[in-house]
Amino acid sequence: MRDAYFDVEFTEVYIELTKTALHQFIKRMMSQHYSLFWRYDTTTIFLMIEMEDYIHELPFVRNASFLTLSAERLNIYDEILAAALEKLLQCEKGNGIVKRAGNGPMYITSYQAGDIESMIEIDGSEKVMMNRNGSMVQYRDDGKALDPRTIFNMMNLEIDYVLMELFESLQEDNEKKVTLHKQRLKRLINRREQVKQLL
């Protein structure tokens, strides 16, 4: 039975799967008592994954020695399948954005070549952005939801402020402050680029 509170959205997914990796994925799903079958159309092969009263379709493009799982958007309502797909993103060096929603906070994780590029936790009051090195930025917004666009705009304001401080330090000829502001500016610009991937 589908869990109405469990929803994972995969967007801009691109994973090149060798036949061995695909067979391991299929075996894992079958060991969890899913029914699997293939459906073909002119350009795409669909792996149909069925359990109880719902079916998920995973679209593949056929290549010579591998299949490419490629989709603009996939909504997965099954925890085991969602975890298996996210593991494929990591192990097979895939790209994509994973949005996990449930009763608690929403988590948005961006994968690039299998690595976590950034992670955002949105729980209605506090926004924590992380990358593979740990916590990046934290925002509080008094219970109002902040979407990635709002965070991006807030970061632009932070960058403008640091640029102003840098300009003042340059005018004062304070090399220590100039170096500190340049380092802070570089970190902010890197973080903004990671948020930009989620827009």
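**Terms and values**

Mentor: Helix 3 is followed by Asp173, whose phi is positive, near 60 degrees. Helices here are DSSP runs of H or I with at least four residues, strands are runs of E with at least two, and both are numbered from the N terminus.

Trainee: What kind of model is this, and how are its residues and side chains treated?
Mentor: This is a predicted model, in which local features need pLDDT of at least 70 and side-chain atom pairs count only at pLDDT 80 or more, while totals for chains, interfaces and linings use all residues. Residues are numbered from 1 along each chain as its sequence is written, and side-chain values use heavy atoms, with hydrogens and water left out.

Trainee: How do you know what span helix 3 should have?
Mentor: The expected span is 1.5 Å times one less than the number of residues. The 25 residues of helix 3 (residues 148-172) should therefore span 36 Å, and the end C-alpha atoms are 36 Å apart, which agrees. Helix 1 (residues 19-31), with 13 residues, reaches 18 Å from its first C-alpha to its last, close to the 18 Å expected.

Trainee: Why is Ser110 called buried?
Mentor: Buried means under 20% relative accessible area, exposed means over 50%, and partly exposed lies in between (1.4 Å probe, protein chains only). Ser110 has a relative accessible area of 2%, so Ser110 is buried. This residue lies in strand 7 (residues 106-112).

Trainee: Why does Thr68 count as buried?
Mentor: Thr68 is at 4% relative accessibility, and therefore counts as buried. Its place is in strand 5, and contact (heavy atoms within 4.5 Å) joins Thr68 to Tyr14, Ile15, Glu16, Pro59, Phe60, Val61 and Asn63, leaving aside neighbours within four places in sequence.

Trainee: What makes the buried residues of helix 1 line one face?
Mentor: The buried residues are Ala21, Leu22, Phe25, Ile26 and Met29. Seen down the axis of helix 1, they fall within an arc of 135 degrees (taken from the directions from the helix axis to the C-beta atoms), so they line one face. The face turned away from the buried side carries the exposed residues Lys19, Thr20, Gln24, Lys27 and Met30.

Trainee: What makes a set of residues a nonpolar core?
Mentor: The members must be buried Ala, Val, Leu, Ile, Met, Phe, Trp, Tyr or Cys residues, joined through side-chain atoms within 4.5 Å. The largest such core has 30 residues, of which Phe10, Phe25, Leu58, Phe60, Leu81 and Leu85 touch the most other members. Helix 2 gives the most to this core, with six residues.

Trainee: How many cavities of 30 Å³ or more are found, and what makes a space a cavity?
Mentor: On a 1 Å grid over the protein atoms alone, a cavity is a set of points where a 1.4 Å probe fits but cannot get out, and lining residues have an atom within 4 Å of a point. Grid points are joined across faces, edges and corners, and a volume is the space filled by probe spheres set on the points. A search of the whole structure finds one cavity of 30 Å³ or more. The largest cavity holds about 30 Å³ of space, and its lining consists of Phe10, Val13, Ile15, Leu69, Leu74, Leu85 and Leu89. Strand 1 supplies the largest share of this lining, three residues.

How values were computed: On a 1 Å grid over the protein atoms alone, a cavity is a set of points where a 1.4 Å probe fits but cannot get out, and a pocket is an open set with protein on both sides within 12 Å along at least five of seven lines; lining residues have an atom within 4 Å of a point.
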